[in-house]
Every structure is written in structure tokens, then in C-alpha cells.
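Here are my notes on the charged side-chain pairs. Please read them alongside the model.

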Amino acid sequence: MSTGAEQPQQLVDHLFRHEAGKMIAVLTRVFGIGNLELVEDTVQETFLKALQVWRYGQMPDNPSAWLMRVARNRTIDLIRRQQKLANLSEELAHRLQSSTENAVDQFFLDTEIADSQLRMIFTCCHPALNPEDQVALTLKTVSGFGVQEIARALLSTETAIQKRLYRAREFIKSETIRFEIPVGHEAEREARRRIYGTVSVVQ
């Protein structure tokens with residue numbers, strides 16, 4: 001029989017697998033693919049907060065919506081912090097703060113979330129990336145797998161997977177890979193071929 005402490009942990013673990021990829025995709029569209037580590041840290045903080053709050057019995061009616069709302073609020077906080085660091089005039093800072101919330105809200109619409117997820121899949125499976133790095137990055141970023149799980153699935157070591165993830169992120173940043181859906185049938189066919197190839201590796 002599970003204890004009260006175990007139930008929130010199990011729920012958070014379940015939601016992380018099903019919601020983390022969605023949240024990472026949305027926040028990446030807000031902050032840019034070059035800030036992927038910041039995005040992943042933000043999502044991790046959101047789930048840690050959920051665990052802390054839910055352990056004390058404050059369970060929301062819709063946990064998935066709660067996570068998205070917390071991630072949204074954290075995003076707004078980060079943007080406003082950057083605006084303060086920019087030494088803006090008081091008037092301009094006020095205007096930006098009032099519009100920031102509305103601007104961020106647009107990224108969290110259901111249709112935009114789906115679009116962000118598709119962008120993330122295409123980015124992780126970009127043809128310029130090493131195929132092994134594509135697989136590791138897709139499993140980690142899109143599917144919410146942990147490094148240990150990826151290493152076990154690919155018959156590799158955690159150190160090797162960490163290196164693949166680092167290499168993929170650095171390549172995306174250095175080559176300025178765009179967070180977008182490819183234009184043109186040929187680009188789309190190539191990306192889909194690589195996506196399906198990634199899926200077959202772990203089946």
C-alpha cells in the first residue's frame with residue numbers, strides 16, 4: 001500500500017513523462033533554442049515545486065493545467081527580471097510588464113503548444129545533427145526520458161549519453177539551428193524520415 005508521500009511522487013513522475021516535453025517545447029519557443037538548458041532547468045523547477053506543494057495535500061483538480069500555469073508564471077518572472085536588468089525607464093518598464101503577460105499567454109494556447117511540439121521534434125531531428133545525438137536529444141527533450149533510461153534503452157552509458165546531449169545542444173547553438181518547421185516537401189520528407197528512424201531505434 002502506498003503512503004501519502006508516495007502518491008504525489010508517483011503523480012509527478014507520471015506527469016513528467018507526459019508533460020515535460022510539451023512544456024520544454026513551449027518555453028523553448030519563448031526563450032529560443034539557444035537557451036535550452038535554461039528551459040530545462042525551468043521545467044525541472046516547476047516539477048519540484050509541484051512535488052513540494054502536493055505533498056502537503058494541496059492537490060489541484062487539473063495537475064497538468066497547474067504545471068502549465070506555474071511554468072507560464074515562471075516565464076513571465078524571468079522575462080521581467082531581464083527587463084529590469086536592461087535599465088529601462090520606469091515608464092517603458094511598466095508598459096512592457098503590462099504587455100508581457102498577454103504576449104506569453106499566446107504561446108500557451110493549445111494550438112500554439114502543438115505547433116511548438118512539432119518545432120521541437122524537427123529541431124531535435126535536424127539533418128545536420130549526428131544521428132546518435134538526434135536520438136538522445138529527442139528522447140530527453142521530447143519524450144521526457146532521463147539520462148539513465150536513455151542509456152539503458154540504447155545499451156550505452158550515462159556518461160556517453162551526457163556527452164551526446166551536450167554535443168547536440170552545443171551544435172544547435174553554434175550553428176544557429178532555427179526552432180521551426182522546415183519549409184518545402186523535400187525538407188519535410190527528410191525530417192520525417194529521421195523522426196521515424198529515431199522512433200524505430202527505441203521500439
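This is a predicted model: local features need pLDDT of at least 70, side-chain atom pairs count only at pLDDT 80 or more; totals for chains, interfaces and linings use all residues.

1. Lys173 and Glu170 pair through their side chains in a salt bridge, at 4.0 Å from N to O.

2. How exposed are the two partners? Lys173 counts as partly exposed, because its relative accessibility is 41%. Glu170 is also partly exposed, at 28%.

3. Glu45 and Arg74 form a salt bridge between their side chains, with 3.3 Å from N to O. Glu45 is in helix H2 (residues 36-54) and Arg74 is in helix H3 (residues 63-85), so the pair ties together parts that are 29 residues apart in sequence.

4. Glu45 has 39% relative accessibility and therefore counts as partly exposed. Arg74 has 25%, so Arg74 is partly exposed too.

5. Arg178 bridges to Glu180, and their closest N and O atoms are 3.0 Å apart. Is Arg178 buried or exposed? Arg178 counts as exposed, at 60% relative accessibility. Glu180 is partly exposed, with a relative accessible area of 35%.

6. Some charged residues join up beyond a pair. Arg29, Glu112, Asp115 and Arg119 are linked in a network of salt bridges.

7. How many salt bridges are there by this rule? The count comes to 11.

How values were computed:
Residues are numbered from 1 along each chain as its sequence is written. Side-chain values use heavy atoms; hydrogens and water are left out. Helices (H or I, at least four residues) and strands (E, at least two) are DSSP runs, numbered from the N terminus. Buried means under 20% relative accessible area, exposed over 50%, partly exposed in between (1.4 Å probe, protein chains only).
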